[in-house]
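Me: Please take a close look at a single part of this model, the way the chain is divided and what it touches. Keep it plain, and end on one residue.

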Amino acid sequence: MSPQQHIDNPIRGGRKSAAVFITLTLAIFVVVLFLPLVTVFFEGLRKGWDLYIASLTEPDAIAAIQLTLLITAIVVPLNTLFGVASAWAITKFDFKGKSLLLALIDLPFSISPVIAGLVYVLLFGTAGWFASVLDQTGVQILFAWPGIVLATVFVTFPFVAREIIPLMQAQGSDEEAAATTLGANGWKTFWAVTLPNIKWALMYGVLLCSARATGEFGAVSVVSGHIRGQTNTMPLHIEVLYNEYNFTASFAVASLLALFALVTLVAKTLLETQFHDELAAQRHR
Amino acid sequence: MKAVATAHGRTGPRFRFREPSALPGFWPALGFSVFYLSAIVLIPLAALVLRPWEIGLSGVWAVLSDERVVSALRLSFFAAFAAAVTNVVFGLIVTWTLVRYEFPGKRILDAIVDLPFAMPTAVAGIALATIYAPFGWIGALFEPFGIKLAYTPIGVYIALVFVGFPFIIRAVQPVLQDLEREVEEAAATLGAGRLRTFRKVIFPAIAPSLLTGFTLAFARAVGEYGSVIFIAGNLPYVSEIAPLLIVQKLEEYSYAGAAAIGLAMLVISFVILLVSNILQVALTRNQKA
């Protein structure tokens, strides 16, 4: 190590410590992240392509895939709508209790998914607060798709809001005020001024929300009832197959979700690198 | 809307719910947000807070002092703590490498850090159970020594390390990136050794974000369910986690019992979050002083 190098990179040290740090990091990545990822595809394809395809095309698997898509298609727009509405109220206006509202939006992140399922059982279960109302009207929430939607909405609640609120806060409301002064109504101001400013952050939030909604397990498992072919989402279907020692089929379905997770990561990275400035105000957690 | 605007137009010391603004849409946006928040989060959580007491204080105490519940809560919190500590070590090494060194494939590694966020917990769960089972890729390495990883508390810990992996890295990375090299260089020029520079210059700067990441990883791990139950073996008193007990109470239709455990988890978590926040404030103040 020459003295010159020492001045340039006082902390980095020499090549030797670089090698040590990079090797350690690679080892951590291999054990913690790559092994599980590889295992999913390895086990899924282990008994050949035919069985893999068969596992994905059997009726229960297809029902699970359809249910997962349906749930995601309902949950993500709902939470997006909430994200935009709450962000509009919080970032464009000053009112009492704003910070309380902000804190409450983040609340579901610090709650166990199982508790997220539990709270809806306490409301809609056979001994739930609203059990008699549900009995009279014949509406079924638990052990049916509405319950799965509610539990999934709960766990993905903050995703969109927390991506766009910091950004809209940083952008302020001058542009919107100008548009309104020039005679644009609220909707027009939102579509023409606000939305273009936040579209990439919004997309980022929608992406994270979809990924979580598709893969949610704990909350959904509490409210779904595990009815095969009816209320089993993909993660629940994976669990059922695994507990029946049908490992290959279980990993085959799991590999679909893992693939979706990888696509999410790629899309997320692209958004971060391409539109860094437009996402700038957000904090990664 | 109009009436409200005129009411707010008046000056004086009156209580004002909101400051006047030229922009429309406040009431619809706030109204929908509050309604949605109440329906999805607040009313359901009210049920969690109120329902345990249906069995009375003594009933709640009976549930929570049950040996099996106590050991499950202990396991959930201790394993989460151990996993978060492990992730502090892993996180420091990985963040340091990602921020300070250039090497091929770095961008890919950086992107894949978030895998545990993106990968569904059940998928991670069955993969980890397979790897660490006695005949799995890693489990088989330990088997000859009589060490079992999966289906023991160690399995719970392993799953929680996976789940909490990204939190510390994502919290510390931006701070370490913004840390001014000049300060370190000055310390080095003044004769501080590398370890000393780390201890005196870098560590104090990243400590608040390290604590943030630690707390997030810990909070997430305490409530984690999907990735744990496959690898844990779920042996009562040994490798059974608290969220699993909630599920079991529900299967026995003991709503109040399930709610009691859930509420206990929530209260303990909030106390820990509170302590962390207080520490956070102290750390930041220290740094500024």
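Reply: Domain bounds, as used here, come from an automatic or database domain assignment. The model is predicted. For chain A, that assignment gives domain 1 as residues 1–45 and domain 2 as residues 48–279. The C-alpha centres of domain 1 of chain A and domain 2 of chain A are 34 Å apart. Where these two domains touch, domain 1 of chain A supplies 6 residues and domain 2 of chain A supplies 9 residues. On the domain 1 side of that contact, 4 residues are nonpolar, 1 is polar and 1 is charged.

Chain A also touches chain B, with 77 residues from chain A and 77 residues from chain B taking part. Helix α2 of chain A, residues 15–45, gives the largest share of the chain A side, 15 residues. By residue type, the chain A side of this contact holds 51 nonpolar, 17 polar and 9 charged residues.

On chain B, Pro24(B) sits in the loop between α1 (2–9) and α2 (26–50). Beyond its neighbours within four places in sequence, Pro24(B) is in contact with Thr180(A) and Gly186(A). Is Pro24(B) buried or partly exposed? Pro24(B) counts as partly exposed, because 19 C-beta neighbours lie inside 10 Å, whereas a buried residue needs 20 or more and an exposed one has 12 or fewer.

Key. Residues are numbered from 1 along each chain as its sequence is written. Chains are lettered from A and ligands numbered from 1 in the order in which they are written. This is a predicted model: local features need pLDDT of at least 70, side-chain atom pairs count only at pLDDT 80 or more; totals for chains, interfaces and linings use all residues. Two residues are in contact if their C-beta atoms, placed from the backbone, lie within 7 Å. Helices (H or I, at least four residues) and strands (E, at least two) are DSSP runs, numbered from the N terminus. Ala, Val, Leu, Ile, Met, Phe, Trp, Tyr, Cys and Pro count as nonpolar, Asp, Glu, Lys and Arg as charged, and the others, Gly among them, as polar.
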